[in-house]
Amino acid sequence: FRRDGCVCVPGFLTEEEADGLREACKHLVEAMDPSLHTPTIFSTTNHNQARSSYFLESGDKVHFFFEQEALDSNNELKVDKHLALNKIGHALHWLVPEFKKVSFSTKMKKVAQQLGFVSPAVVQSMYIFKQPGIGGEVTPHKDSTFLSTEPQSCIGFWFALEDVTLENGCLWFSPGSHKSPTNRRFIRNPDKTGDLTCFTSPPDPDDPSTLVLIDGQVDHKSEKNTSSKSRQIYTFHVIERHNTTWDPRNWLQPTPEMPFTGLYENNP
């Protein structure tokens, strides 16, 4: 992990834990009424969400984001809602018991300790779908662009809940790229007349139950899902609170409803 910025830990989740996360997600989608949610498309190619308060206010809530190809010109669903979502975020780890149990488990704490964290905090979580045939690509990026501390400390915990293949949008990363600084930031736009969020600079050129640890400064991406099989994953991000400062320009901010919850603390 220190050499490459990314490492796989096969079989990290038990079958029961993986099944529990998938089932919890299924219940969330079944209970979701699309007409009650702003039809916000999540895309890393055109960043539609940058103009959406629904996205900006999702840090302490469970919000639903759709695939571009799942909606028609009137923002109505063209497919069943279970096949329409890009992701759910960003407080699953705090508001949904099944995700909270896994995210704050003893073995997660042990991993954080092995990585050298002193006072780690979970700051956001997502369930990402990669729907069959329409699951959009995720362009190359560093997680520290979106979750920045000084010094940088973000690490992603990424869990494969289904088989991940070349055809259904597997994760790609550039070994050693975490040793290059994160110069780009995705922040709340200081220009109140423009989009709600913005980037500070242009982009740089370009087995189920497996845990993938991703250094926040490593470049990684995934391609569009061109197969008939989905590629569902759960991920959350951890930052260091000890001797670091949280960039106040970050799009995500702690709130009383969802503080940056310590991984080592006794959370209910």
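The radius of gyration is taken over C-alpha atoms, and the globule rule is 2.2 Å times the number of residues to the power 0.38. Keep that rule at hand for the exercises below.

This is a predicted model, in which local features need pLDDT of at least 70, side-chain atom pairs count only at pLDDT 80 or more, and totals for chains, interfaces and linings use all residues. Residues are numbered from 1 along each chain as its sequence is written, and side-chain values use heavy atoms, with hydrogens and water left out.

**Exercise 1. Overall form**

Compare the radius of gyration of the protein with that of a compact globule.

Solution. 
- Step 1: for 268 residues, the rule puts a compact globule near 18 Å.
- Step 2: the protein has 17 Å, which agrees.
- Step 3: along the principal axes, the C-alpha atoms fill a box of roughly 50 × 50 × 40 Å.
- Step 4: the chain holds five helices and 15 strands; helices (H or I, at least four residues) and strands (E, at least two) are DSSP runs, numbered from the N terminus.

**Exercise 2. The nonpolar cores**

Find the residues with the most contacts inside the largest nonpolar core, then follow F99 to its partners.

Solution. 
- Step 1: a nonpolar core is a set of buried Ala, Val, Leu, Ile, Met, Phe, Trp, Tyr and Cys residues joined through side-chain atoms within 4.5 Å. Buried means under 20% relative accessible area, exposed over 50%, and partly exposed in between (1.4 Å probe, protein chains only).
- Step 2: the largest such core has 59 residues, and F99, M108, F157 and F159 have the most contacts inside it. Helix α1 (residues 15–31) gives the most to this core, with five residues.
- Step 3: a second, separate core has nine residues, among them C6, W158, A160 and V212.
- Step 4: contact means heavy atoms within 4.5 Å. Setting aside neighbours within four places in sequence, F99 is in contact with L21, A24, C25, L28, L92, H93, Y127 and Y234.

**Exercise 3. Backbone angles to look at**

Locate the cis peptide bond from G89 to H90 and the one joining E150 and P151, then examine phi at K130 and N243.

Solution. 
- Step 1: the bond from G89 to H90 has omega near 5°, and H90 sits in strand β3 (residues 85–90).
- Step 2: between E150 and P151, omega is about -5°. P151 belongs to the loop between β6 (149–150) and β7 (155–160).
- Step 3: K130, not a glycine, has a positive phi near 50°. K130 is in the loop between β4 (120–128) and β5 (138–141), and counts as buried because its relative accessibility is 3%.
- Step 4: N243, also not a glycine, has a positive phi of about 55°. N243 is in the loop between β13 and β14 (245–246) and is exposed, with a relative accessible area of 65%.
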